[in-house]
Amino acid sequence: MSEDTHAQQDDDGPGLDLGAPPAAARPDAAAVPTPAPAAYRVLARKYRPQNFTDLIGQEAMVRTLRNAFSSGRIAQAYILTGVRGVGKTTTARILARALNYEPMDGGAGGPSLDLAVMGKQCRDIIESRHVDVMEMDAASNTSINDIREIIESARYRPVMARYKVYIIDEVHMLSTAAFNGLLKTLEEPPEHVKFIFATTEIRKVPVTVLSRCQRFDLRRVEAGELAAHLAGICAKEGVTIEPEALAIVARAAEGSVRDSLSLLDQAIAHGGGTVGAEEVRRLLGLADKGRVIDLFEALMKGEMARALAEFRDQYDAGADPAVILTDLAEFTHLVTRLKIMPDAAQDAALVEAERVRGLEMAQGLSMRVLARAWQMLTKGIGEVQQAPKPAQAAEMALVRLGYATDLPTPDEALRRLKDQPVTDAPPSAPSGGGGGGGGGGGGARLSIAPRPVEARPQMQAAPVAAVAAPAAGPRLASLADVAQYVAAKRDLALKHAVETSLRPVHVEEGRIEVALVPGSPASVIQDLSRKLSEWTGRRWLVSISSQAGGPTLAEENAAVKAEREEGIKAHPLVAAVLARFPGAEVVDVRTREEAPIDTEVLAPSEEDLYAGPGADDELEY
């Protein structure tokens, strides 16, 4: 074999014999093409994990599989779920390699997760060209016909490997008929068949399929762990990168390893082999973390001129308005976490400015202010994303937030209203800007604080009424007096509740202690207390007692009525009437005073009808 032939067959060689005559002088020069340079492989493919040791952030799944393989408890089907880029398809290939692992030396082997040494089947499985490991994209093969092919081929034993492994990616895209056609084979597959499913939409997979599989939820990779992983890749690639740039890329990836590698690839190309934090920020359209913290500090101090100037500088530098608000919301969340858990400052994904200044602001800001800032920022992000001019919408959101930081929280406002003396002086005018024409927040607070007192005169009048005429209202010495008073106010619902739901324990002026009838609504206590206070102008405290209490007013009235009916039945005249008319009964007994009859408008003949001798003169039947 000639040297030229050797050069053509050697993929790693130069492709030409440097000692031969020039190509133009050789008659067969046209038959020896110059090899093209090798195609560049992106980092996400170049550094794809080859075994479970290389897989980061999924320790729980690896531990479960390792124990299952060592004990021989290998399931017939697995389903892997998680967000994009956490390694679902990669894990499926590694799992297929583990199921079919055979040592190169031909020794006895079996399913194993120790894949540090390449086996006979490993290279073909990794490169997705093994005849017994079949991958199918369910997004483009959704029909029942595609599943029929799998069912038919599953009957035959594998050609080379130990198991036939079917990897179905994006399995949630299968049609209903396809899922139903797969159920029987999935539940009772041949001994030589294993299924591995991957999906980002686990909720779209039927429960009948989930119940036949072992499910593994691949979690997002933490930013600190992801930054360390990227640092190792940069060292292998010979790329110089700042730690802050690594933290920015790791956080922008949101837990996705593939996204982080794609961003790192782009950053390396942008920086020409040296990656700095500032270049990464400009590349991703992010604002400097230090400047975001400066903007947050200006907003919390109410320095609106400084805050708007800082926002405009970041916007002019290329930062997206929605991204600026998102960064502010993230820093608000960080300060809130540091306020609750100061140890969170040791997170490796945090830059030094976030760690130091975040702790300082966590000590100086209250939880109410942080919660309000979070709500306003999240609402502002949505407004900016939908606004025709995002920069203006972002500025208005920042103005609202800056002025709101000087406003008291609801409990502080109530406390100020109680402590503030009542005066007839009009509210002070706004003072304009606070500090250099930008503070706004302090002026807004000065102009707004007296308004609730002016807008709610009853807050001033209530204490005066309580002091001036403490005994002007009715005397309520019993629960019956309370019910009668409520009836006089024509609140029939509350009167019925007082009569049927409350058992009196103790009643005195300004204080009622009762026991609730089982099944009665507890709201009657609050309603009675509130309405008595409003009607009488005095404070009434209605409370629930642990004692049993006496009978309700309804029970007392029923007992009195039953006693009167039994007494009237014993009257000779009534007994004679009941005996004369079989089936007759006494329905009600009322005295003359209770009869709803206006005697002033009755004719004399009608009055005579109600006049009768004896004791019966006081009764009606």
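Here is a short chat about a sheet, some helices and some ring pairs in this structure.

Me: Before we start, what kind of model is this?
Reply: Residues count from 1 along each chain as its sequence is written, and side-chain values use heavy atoms, with hydrogens and water left out. Local features need pLDDT of at least 70, side-chain atom pairs count only at pLDDT 80 or more, and totals for chains, interfaces and linings use all residues, as this is a predicted model.

Me: In what order do the strands of the open sheet of five run?
Reply: Strands (E, at least two residues) and helices (H or I, at least four) are DSSP runs numbered from the N terminus, and two strands pair if DSSP finds at least two bridges between them. The edge strands, each pairing on one side only, are E2 (133-137) and E5 (214-217). Pairing is parallel, and the order is E2-E3-E4-E1-E5.

Me: By how much are neighbouring strands turned against each other on average?
Reply: Axes are lines fitted to C-alpha atoms, for helices over the stretch in contact, and angles run from 0 to 180 degrees between N-to-C directions. For neighbouring strands of this sheet, direction is ignored. The average is 15°.

Me: Which residue in E5 is the bridge partner of Leu 80?
Reply: Strand E1 (residues 77-81) runs parallel to E5, with four bridges joining them, and Ile 79 stands opposite Arg 215 there. Towards E4, five bridges join a parallel pair, and Leu 80 stands opposite Ala 198. In E5, the partner of Leu 80 is Phe 216.

Me: How many of E1's residues are buried?
Reply: In a regular strand the side chains alternate between the two faces of the sheet. In E1, Ala 77, Ile 79 and Thr 81 on one side and Tyr 78 and Leu 80 on the other are all buried, where buried means under 20% relative accessible area, exposed over 50% and partly exposed in between (1.4 Å probe, protein chains only). The count is five of five.

Me: At about what angle does H7 run to E4?
Reply: Helix H7 (residues 176-187) lies across E1 and strand E4 (193-199). Its angle to E4 is about 135°.

Me: Is the crossing of H3 and H4 left-handed or right-handed?
Reply: The axes of H3 (residues 59-71) and H4 (residues 88-99) come within 13 Å and cross at roughly 15°. Met 61, Leu 65 and Phe 69 in H3 meet Thr 91, Leu 95, Ala 98 and Leu 99 in H4, with contact meaning heavy atoms within 4.5 Å. A crossing is left-handed if the near helix is turned anticlockwise from the far one by less than a right angle, and right-handed if clockwise. This one is right-handed.

Me: Why is the pair of Phe 296 and Phe 331 edge-to-face?
Reply: Rings of Phe, Tyr and Trp (its six-membered ring) pair if their centres lie within 6.5 Å; planes under 30 degrees apart count as stacked, over 60 as edge-to-face and the rest as tilted. Here the centres are 5.1 Å apart. The pair is edge-to-face because the planes stand at 75°.

Me: Is Tyr 485 buried or exposed?
Reply: Tyr 485 pairs edge-to-face with Trp 535, at 6.1 Å centre to centre. Tyr 485 lies in helix H23 (residues 479-488) and Trp 535 in H25 (residues 523-536), so the pair ties together parts 50 residues apart in sequence. Trp 535 is partly exposed at 25%. At 13% relative accessibility, Tyr 485 counts as buried.
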